Amino acid sequence: MLFADPLFGLPSWIDAIIRIVIVVLVMTVFVIYSTYGERKLVARFQQRLGPMRTGPWGLWQGFADAIKLVGKEDIRPKNADRWVFELAPYATFIPVLLTLMVLPFAENWGVRNLALGVFFVFAVLGLNIVGILMAGLGSGNKYALLGAVRAAAQMISYEIPLVVSLLCVVMITGADTGNGVGTLNLNTIAALQEDRPYIVLQPLAFLIFFTAMLSELHRAPFDIPVAESEIVGGYFVEYSGIRWSMFQLTEYASMWGFAVFGSVVFLGGWAWPFGVDSHWALQLATTFTKALAIVVVIIWIRTTVPRLRIDQLMNFSWKVLLELSFLQLIVNGIILYYDWPQELLALTSAVGAGFLIFLIIRHASARSTKGLLGTYRTLGASSS
Amino acid sequence: MATEVIWWIFALGIIALSAGVVFSRSVIHSAIFLIGSLAGVGVMFVILTVEFLALTQFLIYGGAVTVLVLLALMLTRADPSGRAEKVNGPQAPFALLAGIGVAAVLLVAALSTEWAGNTESPTNIAIEAISQRLFEDFGLPFILASVLLLVALVGAIIVARQEEGE
């Protein structure tokens, strides 16, 4: 349960509190600067400058925004269901905070080292939906309700490929630990990737994980629950001030959590490429660099791809990602059972990843298709 | 000692939340109390050091079943504002009877069973042991259960499916 010894020989619960405070502080700094970084990056992609006025290069923009949000009036609509409305932001935030508790940021450094780390992350993340549904139901607003239904449908659908793609990696750890038993412990999973990250062996699983992650985070092109041009603002349309910023905090905190989680499971976490014996500062820098790379790619995709429609989104999850993830699981099972070389894992998975990319490009470039990714109709075509 | 205090806090919390499920005037409030109550049971499993069961409780009951309940409430009711409505009908005495019956059966079963292992200070069971029992010793029943679930899933899709041209 515990990582090594408590710091300075303190009782384990004080040690836990210190660790939680550190993790939460890092998360807060990330949230403040990722909003700034996102605006800067998006501005660059659109040939603008982004925030420039507050401080040098607009560096204090995040803090200014935070102060502004705290100062805003906290409005509760008359029609709202009081307690459900007021508790919803906390119900969405707590699961995300809990997932941060098991992530290893450096060798043996996290809040708690659970043997069931991977399982813990997706078991607790599932509770996130409850908070979103509470926000939608409690607001007494049809737009909020629609946003919550969309969010719930989307998150439930994409949770399956997400979990199966993680299982693919967990299967492979069984071949690496030596005794044939896999591990769900995130710290061990990172350590096992000392020689090569699992993205090399499982590119398809990584693609599926990444897509499902975008969907779980409601990031573009899967930002249907918060689509401002369709349903105003999604499930948190009625919130303002501090409660609205709780939702925003949740969004960016879960982005941070997912980025660190993805970098630990697929990109080698703190262990690759400098090895398990490297200095802790180097390990920390490695994890952060990988996580930030994932965040940058998420923002990059946001500026590149237009938003999907809800039926396209559902079709993509149930007809493409689910099948490919199960295929990956079965192929992994066969290869691992017969102890075939690991190069075969990488090869089959790369073929699958290529197929997925081919499918996306073909459907994205077609003018009008009726297929796996949903029906597109050209303007003027009669709809029955 | 500390564990016992925590146990009592959560036990009272679960009872309060369960009472909330029964006595709250809005169905949505009931559903949310139910989530809290089931999550409290998950915490009880943590106190008993069966992490796997606790996480399964959070995943299945916290994340899946109650979300299903909330979604069903959302889709079936026209008024989303969670206003108070009449939830008690003529079925109330029968529901009470059924509740007492189930509680009695569970109590008798729990008290009359000779529990294996040390109930005073439970020990953690490794996930490897659970998976070995599940996938090796009881492999066939496990597969049969999953086939049953799959059939139910396919059946649900066929029932719910919109026919072409409808």
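Visitor: Which residues lie nearest the centre of the second largest pocket?
Guide: They are L98(A), F10(B), A39(B), V43(B) and F58(B), out of 46 lining residues. A pocket here is an open set of points on a 1 Å grid over the protein atoms alone, where a 1.4 Å probe fits, with protein on both sides within 12 Å along at least five of seven lines; lining residues have an atom within 4 Å of a point. This is a predicted model, where local features need pLDDT of at least 70, side-chain atom pairs count only at pLDDT 80 or more, and totals for chains, interfaces and linings use all residues. Residues are numbered from 1 along each chain as its sequence is written, chains are lettered from A in the order in which they are written, and side-chain values use heavy atoms, leaving out hydrogens and water.

Visitor: And which helix gives the largest share of that lining?
Guide: α2(B), with 10 residues. Helices are DSSP runs of H or I, at least four residues, numbered from the N terminus.

Visitor: New topic: where is H218(A)?
Guide: H218(A) is in the loop between α9 (203–216) and α10 (228–231) of chain A.

Visitor: Buried or exposed?
Guide: H218(A) is buried, because its relative accessible area is 6%, and buried means under 20% (1.4 Å probe, protein chains only).

Notes:
Helices (H or I, at least four residues) and strands (E, at least two) are DSSP runs, numbered from the N terminus. Buried means under 20% relative accessible area, exposed over 50%, partly exposed in between (1.4 Å probe, protein chains only).
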